[in-house]
Amino acid sequence: IAVGIAIGLIQGTLTAYLNIPAFIVTLGGLLAWDVPAIFFGTGTEARVLGAARYAGIGFLEAHGLAFILSVLLWRATPSRSWHLVAAFAEMLLGSANLLFWEIFSVAGVMAAGYGSTALHILFATLNLAAAIRTAPRTGEQTLANEVDSGFRLSLSTRRLLLRVNALFLILASSFGLVADVMGRFVGVGPQSTVFAQAPHAAVGFVEAHGLALILAVTLWRGTPTRSWHLTALAIEGLLGISNIVCWQYFVVSNALAGGYVVTVLHLAFAAAHAVAMTPASVAR
C-alpha cells in the first residue's frame, strides 16, 4: 500500500490528497490554539504568549493563511507549479519548527512537534519528487474557467488588481520576514520589543510572513477569475481583521502608523476584490 501511494504521489496524481491533513491541522490551530489564547488567555498557546496575548497575531495569520493555501491545493490540478507551491510551503513550516523548536517544549506539546515536523518534511519531499516527475505543461494553474464574461470590471482591470495586490503582499511579507529575523536573533527593529515579551511567538510571525509571500506569488501568477479574486479577498480579509483583533501588537511595537496603513490597505484590497467578483448585471 505504501509503495502504491508513493508512486501515485510521485506521478503527481494525488495533489489534493497530499494536503488533506492541512484542513484538520489549520482549523485545529485556529479553534483550539489561537482563539482561546488570544481572546481568553487559556489553552496551550497561552503558555507561549504569556501576558503578551497580542503576539498571537502571528499564529492567527499563519493558521489562517495555511488554511487558505490548503483549499487552493485541494482544488489544484496536479501540475509542476502546484507541487512546488506545496513543497515550498511545507519546507517553510518544517524549517520554522526546527528553527524555533523550543516552542514545543514551552507549550508542552513535544509529540505534536515531532509529528508535525516529520509530516512537513515528508510532504515537502513527496511534492518535490512529484514536481520533478510531472511534465511542465501538465494541468492548468487556474481554479475556474471564467475569464471574460459576466464581470463588473474589465479583464485588464482585474488582472492589474491581482498583480498590484500580489506586489503589495510580496513587499510587505518580505519586510516582515526581515523584521522577524532581526527582532528575534539580533534584538533590533520593531519586532524586538514584541519578542522580548514573547520570544517563542516569533515562529508564528515567520510562518505567517512566509506563507503570505508564497500566496503572493501564486496571486501574481493567477488569472483574473472569480476564484482567484475570492482567494485574494480571503487573504486580505484575514490579515486586515487579524490586525484589528490584535491591534495592541502595533502599540507595543511602536508601529501605529504602519498598522493604520497596512490595515487600511488590506481592507481596501479586500473590498476591491469583492467588487471584481460582482456580476456585470449588478452594476446596472
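Colleague: How many helices and strands does the protein have?
Modeller: The protein has 15 helices and zero strands; both are DSSP runs numbered from the N terminus, helices being H or I with at least four residues and strands E with at least two. In this predicted model, local features need pLDDT of at least 70 and side-chain atom pairs count only at pLDDT 80 or more, while totals for chains, interfaces and linings use all residues. Residues are numbered from 1 along each chain as its sequence is written, and side-chain values use heavy atoms, with hydrogens and water left out.

Colleague: What share of the residues is buried?
Modeller: Of the 284 residues in the protein, 48% are buried, meaning under 20% relative accessible area with a 1.4 Å probe and protein chains only.

Colleague: Turning to Asp-34, where is it found?
Modeller: Asp-34 is in helix 3, residues 20-40.

Colleague: Which side chain of opposite charge is nearest to Asp-34?
Modeller: That is Arg-53, at 12 Å. By the charge rule, Lys and Arg count as positive and Asp and Glu as negative, with His and the chain ends not counted.

Colleague: What is Asp-34 in contact with, leaving aside neighbours within four places in sequence?
Modeller: Its contacts (heavy atoms within 4.5 Å) are Gly-29, Glu-45, Phe-59, Leu-60 and His-63.

Colleague: And Glu-61, is it buried or exposed?
Modeller: Glu-61 counts as buried because its relative accessibility is 10%.

Colleague: Why does Val-252 count as buried?
Modeller: Val-252 counts as buried because its relative accessibility is 18%. Val-252 is in helix 13 and, leaving aside neighbours within four places in sequence, is in contact with Tyr-54, Thr-193, Val-194 and Gln-197.

Colleague: Which helix gives the most to the lining of the second largest pocket?
Modeller: Helix 9 does, with seven residues. Helix 5 and helix 13 are among those that each supply at least two.

Colleague: What classes of residue make up that lining?
Modeller: The lining of the second largest pocket has 17 nonpolar, nine polar and one charged residues. Ala, Val, Leu, Ile, Met, Phe, Trp, Tyr, Cys and Pro count as nonpolar, Asp, Glu, Lys and Arg as charged, and the others, Gly among them, as polar.

Methods
Buried < 20%, exposed > 50% of the residue type's maximum accessible area, 1.4 Å probe, protein only. Salt bridge = Lys/Arg side-chain N within 4 Å of Asp/Glu carboxyl O.
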